[in-house]
Amino acid sequence: MTKSKPIMVPVIVHKDASGDYSITKIKDLKFNKKDDKIPGDWVYAITFRIQNPHPANFVFASDEDGFWVQDAAKGCPTKYQPHPSFVYDGTSADGLELYVTNRDPSCQQLKYTLNLVDADGVRKPISLDPIMNNQNGGASFWEANSVAIIGAVGGLFAIAGLAALISFWRDTADD
């Protein structure tokens, strides 16, 4: 059985000034197994949990319609399409929780959409499309280039030292 790191993401529904309901922006989700100190073969078990204001009664849309994901270069997803990094694991019996497994196999920017529907059928559905950042399988600019940068700086110091030494020898040879 694959081990997982649980991640809880609150999905806060609020009523805006016009009286419509919307979802408070969720901070961008970042997944980095090195930063999270978990082995590379682990997965992330994500639980999105709806927090409704009274009298709202929003739940996650059924089946895969509750969670759509795709590569960020394609823009925000507008329908369900399977993605190799994610497994939709269903919703809780009350519809307030949605479960997704993120395998996080490679470095990739992703966009996802959460779709909520009114369990009473009174209010219109609402969606939110934040960003997800899988950081494994790749490295940041500094991680990938730190050895080269340190080597280049060291090389500059070596050249400057050699130039100073040659200048010193010339000055002492003229005496």
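The following questions and answers show how terms apply to this predicted model.

Reader: What should I know about the model and its numbering?
Author: Residues are numbered from 1 along each chain as its sequence is written. This is a predicted model, where local features need pLDDT of at least 70, side-chain atom pairs count only at pLDDT 80 or more, and totals for chains, interfaces and linings use all residues, while side-chain values use heavy atoms, with hydrogens and water left out.

Reader: Why are E7 and E8 called paired?
Author: Two strands pair if DSSP finds at least two bridges between them. Strand E7 (residues 86-91) and strand E8 (residues 97-102) have five bridges, so they pair. They run antiparallel. Tyr 88 has Val 100 in E8 as its bridge partner. Five residues lie between the strands of this hairpin, and Gly 95 takes a positive phi near 80°.

Reader: Which strands pair with E9?
Author: Strand E9 (residues 107-118) pairs antiparallel with strand E5 (residues 58-60) over three bridges. Strand E10 (residues 126-128) and E9 share three bridges in the antiparallel sense. Leu 116 stands opposite Ile 126 in E10.

Reader: What makes a residue buried, and what share of the chain is buried?
Author: Buried means under 20% relative accessible area, exposed over 50%, and partly exposed in between (1.4 Å probe, protein chains only). Buried residues make up 33% of the 175 residues.

Reader: What counts as a contact, and what share links residues 24 or more positions apart?
Author: A contact means heavy atoms within 4.5 Å. Of the contacts with a separation of 6 or more, 68% are between residues 24 or more positions apart.

Reader: Which residues of the largest pocket's lining count as nonpolar, and how many are there?
Author: Ala, Val, Leu, Ile, Met, Phe, Trp, Tyr, Cys and Pro count as nonpolar; Asp, Glu, Lys and Arg as charged; the others, Gly among them, as polar. The lining divides into 10 nonpolar, two polar and six charged residues. E1 gives the most to the lining, with six residues.

Key. Helices (H or I, at least four residues) and strands (E, at least two) are DSSP runs, numbered from the N terminus.
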